Amino acid sequence: MGLLSLGTPLPWEQAKGLAHEVRQHGIEQFLHIWRSTKDRQKDRLLWGDEIEYMLISLDHENRRARLSQRGHELLTTLQVEENESQKLANQTGAKPNLEALWRPEFGRYMIEGTPGHPYNSTVSELASVEANMKRRREIVSSLMKDNEVILSVGSYPQLGSGDFLEPPHKANGAFSQSLFLPDEVINPHPRFRTLAANIRQRRESKVRINMPVFHDLNTPQPFVDPTIPYDRNLFAGDKEAKEGAALPDHIYMDAMGFGMGCCCLQITLQAPNVDQARRLYDQLATVGAVMMSLSASSPIFRGYLADVDCRWNVIAAAVDDRTPEERGERPLAKDRFVINKSRYGTIDTFLGAEDGLFKPEYNDLPLVYDHDIYKYLLDNDIDELLAKHIAHLFIRDPLVIFEELLDQDDAISADHFENIQSTNWQNVRFKLPPPNSPIGWRVEFRPLEVQLTDFENAAFSVFTVLLARALLAFPDINLYIPVTKMDINMERAHHRDAVLDERFFFHRSCPADSQNYLAELTANEIINGCAEFVGLVPIVQMYLDSISVAHTVRRRIDNYILFIRGRANGTIMTAAAWMRNFVRNHPAYKFDSAVSSEINYDLAVALDNIASGRLPAPELLGAGNTA
């Protein structure tokens, strides 16, 4: 989750006075990196994935499933081998040889795992992805207690509801000031609690997250959540729920942890050069919404069935640090801009590439950007599109500043740049080469929901990588749509059963004319092809047909593609649909939208059984596929 530095994080009252200084140095750091790396060529097509897990404690006697705070404890143990290998490498110069790397995430119950080294550029290595994911799960499992399991699901159904945490804590923490979440759910790394507090203080209120409730047969009309402690008077922000922050017919949440406590699957791809990275950034951004709908795995929030399938908007609201002036609720006086969305969202501007496909009308959103930074970048020979991209990112304040890292050598450090860059959480991220590093220009693909099984996560990862390589191999493929249509697509992708029921704006394969290039297509038409668009799966298959692939490798890849096809055409369910059906068919469910502790326990057990391969789930994985 972004930049994880060590040191003393400054409270917001101190940090806000240093924001301009951090931005200035961040721009200088960007320029140093640009000048030294803009002409890099022929970097290998390396890539890697990030999978986030939740550690769950099962109380079989009382039929309860709770988030375990031992996630942080396990993480410390998992990192011992990595730290020792790194020490040895520093002494001998030998490259560490690790199966996996482990990183903290916002939740104390969360663990992030990545491969021990990037996957190489060969297609044959794609056949090893699932095995590495399985090995990561095995490594974590070897450290767990008998009653613990790890799940890779988008949102934990009872986060912030009832008896959801082990050990239990009261929701009375000063950092989040949440009505529902204790600060003890937050990872103890100094960045995370400061991040939660600074977002709240900067926006001058608690965050306001409202997800539409799924109205079942017995759900009250209107639905007004009886579990909200409207009369609590511990913090000044406690009155917000009663004063309108909690909307009727919605599931109300009030802390960063509800968003950043969700899990995801992310993929980072290295491009041969900066231009190819810009092409990947633009083209992959347009497929984010449909891919998110295929991967939907978040249908339950704070103990209620939601009328959405994905977590994206929850996180966007959970980190929305905009002040009332920036949100347009008060006239600008102290702040510089009115900003149309949270710092977590779809991109607001394309970068363009030398493929000649970009047109100015694609950037149809009135872009908010720092004009002084933009001019300074132009004066330093940065092209207009990239200059506006950077100047747009830098309308934001740094949220966490470490006292020890204020003074840096801008020629060899990127910390100030990354402080801003890493807290612009967009559906794709354009990543610079680190200073003095062999790592090249990269693009991070961010909208995927994490999947329950290693098979599914491997399928989505491999398909994304192959699509990216096809986009580089076939530079005439044009997936551009206007930025505003991409925003609409992302909203539609959240809806319940969006993969089956929604239509998404997409670029026709062979438009009749330049003004008639947009079509509204289903996920099935975009993925599998139709008269309007050739299909992402056929594009990937054309790429595979154009290169040499061993029979055994192609067979495995074809099985992943078959799974993606099935998700798109509805023959294979999303995890979100599967979980909603499980709840609605549970004997204890009262058709009132509420997911009780008993149902949550049975759901956690069932999900673990599927993830471990003990429970076949062809409706979720496809015929013949196992975890």
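Student: Does cysteine 262 count as buried or exposed?
Tutor: This is a predicted model, in which local features need pLDDT of at least 70, side-chain atom pairs count only at pLDDT 80 or more, and totals for chains, interfaces and linings use all residues. Residues are numbered from 1 along each chain as its sequence is written, and side-chain values use heavy atoms, without hydrogens and water. Buried means under 20% relative accessible area, exposed over 50%, and partly exposed in between, with a 1.4 Å probe and protein chains only. Because its relative accessibility is 6%, cysteine 262 counts as buried.

Student: How many disulfides does the structure hold?
Tutor: A disulfide is a pair of cysteine sulfur atoms within 2.5 Å. The closest cysteine sulfur to that of cysteine 262 belongs to cysteine 263 and is 7.5 Å away, so it is too far for a bond. Cysteine 310 is in no disulfide either, with the sulfur of cysteine 262 as its nearest at 11 Å. The number of disulfides in the structure is zero.

Student: What span is expected for helix H4 at 1.5 Å a residue?
Tutor: Helices are DSSP runs of H or I of at least four residues, numbered from the N terminus, and strands are runs of E of at least two. The expected span is 1.5 Å times one less than the number of residues. Helix H4 covers residues 129–141, which is 13 residues. From first C-alpha to last H4 reaches 19 Å, close to the expected 18 Å.

Student: What geometry does the aromatic pair of tyrosine 362 and tyrosine 517 have?
Tutor: Rings of Phe, Tyr and Trp (its six-membered ring) pair if their centres lie within 6.5 Å; planes under 30 degrees apart count as stacked, over 60 as edge-to-face and the rest as tilted. For tyrosine 362 and tyrosine 517 the centres are 5.7 Å apart and the planes at 80°, making the pair edge-to-face.

Student: How many residues apart in sequence are the parts that this pair ties together?
Tutor: Tyrosine 362 lies in the loop between strand E12 (344–345) and helix H10 (371–379). Tyrosine 517 lies in the loop between strand E16 (503–507) and strand E17 (518–522). Both tyrosines are buried, and the parts that they tie together are apart in sequence by 155 residues.

Student: Over which ring does the charged end of lysine 485 sit?
Tutor: A charge sits over a ring if NZ of Lys or CZ of Arg is within 6 Å of the ring centre and within 35 degrees of the ring normal. The charged end of lysine 485 is 5.3 Å from the centre of the ring of phenylalanine 505.
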